Amino acid sequence: MRFIDAAATREALPFERLVPALATLFAAGCEVPPRHVHALPAAEGGSGGTVLIMPAWQAGAYLGIKTVAIFPGNAARGLPGLHSTYVLYDAQTGAPLAQIDGDEITSRRTAAASALAASYLAPTDARSLLVVGAGRVAELLPAAYRAVRPLETVKVWARNGVQSAALVERLRAQGIDAEAAVDLPTAVAQADIVSCATLATAPVVQGAWLAPHAHLDLIGSFTPAMREADDACFGGGARLYVDTPEALQKSGELLGPMARGVFAATDVAGTLADLARGTVSGRGDGEGRTVFKSVGTALEDLAAAVLVYEQTGGRTP
């Protein structure tokens with residue numbers, strides 16, 4: 001079994017390759033059992049966490065299993081809130097092929113999934129992006145979106161001004177025209193794309209702030225207790241898409257509004273698989289606001305892991 005570290009994983013996953021790889025596997029499909037979710041109680045003086053176990057496979061090709069440990073309290077320790085590992089197997093024999101850095105896979109495939117959705121749903125001439133959040137995924141979003149849209153300006157807003165300023169500096173070092181947003185409502189109103197990557201448990205973005213043509217990307221809410229957008233974000237004729245139907249069962253972003261009658265599950269316009277296969281339409285010329293909600297899927301992890309394995313010299317089973 002090969003061991004592929006963070007640097008090699010990152011180098012093998014440029015968004016120009018990763019976004020199409022996700023599109024290809026969403027269109028083809030694979031087996032994705034429901035993820036296993038286990039709560040870890042808080043130890044004395046500490047905070048609890050969540051463990052996810054996420055398998056996926058294509059018969060006769062690859063099998064992959066990712067384990068994820070999510071500890072939101074790590075922010076107070078100056079540590080990332082998420083750690084993960086990925087093991088790739090030969091699906092014909094069960095032989096392990098590689099252990100791959102799961103953090104890089106998770107963060108890069110998450111940003112790439114948002115970019116893939118935007119390739120169908122964001123205005124074709126979108127030039128301004130607002131990133132809400134300043135973590136690992138937030139840092140990757142501008143590069144991911146630039147792979148599918150002609151972005152010119154990026155603004156960053158986070159509750160912690162020091163963190164948002166630091167992210168702006170890192171983006172500028174990458175050659176991205178970035179600046180910190182001081183006033184969130186104004187920054188939202190001026191953005192063609194608003195992408196939220198936080199661990200918020202109460203709405204951060206309000207629908208009243210969004211431009212009529214905006215594309216809203218909601219990444220952070222992956223449990224019923226989490227939420228980044230208020231109910232108005234889903235109103236006003238906005239068309240809602242999800243990465244997979246699992247989002248309707250997992251995310252407080254959707255469960256809350258559905259319980260309040262804001263929209264029904266049948267109002268969802270489509271999934272990423274529908275968009276990749278062309279069975280539903282994305283944004284048409286002159287159409288209004290779109291909303292994309294993702295909770296992540298092991299299909300994305302498998303697509304990324306296979307790309308890493310084959311780009312670093314692995315042979316197809």
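## A partly exposed arginine

At 35% relative accessibility, Arg127 is partly exposed (buried means under 20% relative accessible area, exposed over 50%, and partly exposed in between, with a 1.4 Å probe and protein chains only). Arg127 pairs with Glu152 in a salt bridge, with 3.1 Å between the closest N and O atoms. Arg127 sits in the loop between H3 and strand E7 (128–132), and Glu152 in the loop between helix H4 (136–146) and strand E8 (153–157), so this pair ties together parts 25 residues apart in sequence.

## How to read this model

This is a predicted model, where local features need pLDDT of at least 70, side-chain atom pairs count only at pLDDT 80 or more, and totals for chains, interfaces and linings use all residues. Residues are numbered from 1 along each chain as its sequence is written, and side-chain values use heavy atoms, leaving out hydrogens and water.

A salt bridge here is a side-chain nitrogen of Lys or Arg within 4 Å of a carboxyl oxygen of Asp or Glu. Helices (H or I, at least four residues) and strands (E, at least two) are DSSP runs, numbered from the N terminus.

## Bridges across the chain

Searching the whole structure gives 11 salt bridges. One of them joins Glu104 and Arg10, whose closest N and O atoms are 2.6 Å apart. Glu104 belongs to helix H3 (residues 102–121) and Arg10 to helix H1 (residues 6–11), 94 residues apart. Glu104 is buried at 14% relative accessible area, while Arg10 is partly exposed at 38%.

## A buried pair and its network

Let's look at another pair. Asp301 and Arg109 meet through their side chains in a salt bridge (2.7 Å, N to O). Asp301 is in helix H10 (residues 298–311) and Arg109 in helix H3, so the pair ties together parts 192 residues apart in sequence. Asp301 is buried, at 0% relative accessible area, and Arg109 is buried too, at 5%. A network of salt bridges links Lys66, Arg109, Glu300 and Asp301.
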